Amino acid sequence: MDMVHVKDVAHSFGREEVLKEVNLSIQEGEIFGLLGPSGAGKTTLVKMIVGILEADQGEAWVKDVKMPSLEQMKVLGYMAQSDALYNELSARENLDFFGSIYGLRTKKRKQRIEEVMNIVDLYDHLDKPVQKYSGGMKRRLSLAAALLHEPDLLILDEPTVGIDPILRQSIWNELKRWQQNGTTIIVTTHVMDEAGKCDRLAMLRDGYVIATGSPKELREKSHTETIEEAFLAYGGEKG
């Protein structure tokens, strides 16, 4: 069954066409990557799936419900590119606030805050003000916030930017574990080795989806050895 369905989506900011005729289906329980350079339209597309933006044309559906939908946003976990955190509050206070928005009861909220902070390796910094966090720590706290309510669909926009390679690997290990527990995960990235860890990919360039498939399929169809070579090959086909 499709967790996400995007049909004929197009969107412009002023005269700039950011997305053009995008069609995608993302199945339940898969890790799906949106791969493309900065400005390819990845962030705009995930904002439409989450329901933050409405498309000029076309539709985005989550679990057979057309977005935006306030009800469906409760089954989503969204980690934006820029950290939406309150710097003057501690990490615990930030997560307590987000947990209350998601409707988590006090006892469950406390439990989940401790669990997610362990996952992102920030438990020892729970009561530190966020303004004292490094950039990488803020990314990890944003990930913790997205996981708090155990969403069915987790959408991560460039989740590992500014994070060291060891922690990046541990985050990917966690993503695989959540997937095994039934979570559907969408990851935007411009990092080729991360793209290779996804079950399937959509390659975006200049607002178009230029190719979709598993990393293996994309390499085989383009007669290339790496995801990077495949991306360049499909981009060349587009003109």
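A crossing of two helices is right-handed if the near helix is turned clockwise from the far one by less than a right angle, and left-handed if the turn is anticlockwise. By that rule, helix α2 passes helix α4 in a right-handed crossing. The model described here is predicted.

**Domains and annotation**

- The domain assignment of the protein gives two parts: domain 1 is made of residues 1-75 together with 153-238, and domain 2 is residues 82-150.
- Taken over C-alpha atoms, the centres of domain 1 and domain 2 are separated by 25 Å.
- To the contact between them, domain 1 contributes 14 residues and domain 2 contributes 9 residues.
- An unreviewed UniProt entry lists residues 4-231 as "domain: ABC transporter".

**Helix α2 with helix α4**

- Helices α2 and α4 pack with their axes 10 Å apart, at an angle of about 30°.
- Angles under 35 degrees count as roughly parallel, so α2 is described as roughly parallel to α4.
- On the α2 side the contact is made by Ala91, Leu95 and Phe98, and on the α4 side by Leu141, Ala144 and Ala145.
- By class, this contact of α2 with α4 holds 6 nonpolar residues, with no polar and no charged ones.

**Helix α2 with helix α3**

- Helix α2 spans residues 91-101, and its axis comes within 10 Å of that of α3, the two crossing at roughly 125°.
- The two helices are therefore oblique to each other.
- The crossing of α2 past α3 is right-handed.
- From α2, the contact takes Ala91, Arg92, Leu95, Asp96, Gly99 and Ser100; from α3, it takes Arg109, Ile113, Val116 and Met117.
- The contact of α2 with α3 divides into 5 nonpolar, 2 polar and 3 charged residues.

**Helix α3 with helix α4**

- Helix α3 covers residues 106-119 and helix α4 covers residues 135-147; their axes are 9 Å apart and the packing angle is about 140°.
- Only angles over 145 degrees count as roughly antiparallel, so at this angle α3 is oblique to α4.
- Helix α3 passes α4 in a right-handed crossing.
- Arg112, Val116, Met117 and Ile119 of α3 meet Leu141, Ala144 and Leu147 of α4.
- Of the residues in this contact of α3 with α4, 6 are nonpolar, none is polar and 1 is charged.

**Backbone geometry**

- The peptide bond from Met67 to Pro68 is cis, and its omega is near 5°.
- Pro68 sits in the loop that runs between strand β5 (65-66) and strand β6 (76-79).
- Glu21 is not a glycine, yet Glu21 has a positive phi of about 50°.
- Strand β2, which covers residues 16-27, contains Glu21.

Conventions
Residues numbered from 1 in each chain as written. Predicted model: local features only at pLDDT ≥ 70, side-chain atom pairs only at ≥ 80, totals over all residues. Heavy atoms only, no water. Axes fitted to C-alpha atoms, helices over the stretch in contact; angles between N-to-C directions. Helix = DSSP H or I, 4+ residues; strand = E, 2+ residues; numbered from the N terminus. Parallel < 35°, antiparallel > 145°, perpendicular 65-115°, else oblique. Contact = heavy atoms within 4.5 Å. Nonpolar A, V, L, I, M, F, W, Y, C, P; charged D, E, K, R; others polar. UniProt positions renumbered as here; feature names shortened; annotations may be inferred. Domains from an automatic or database assignment.
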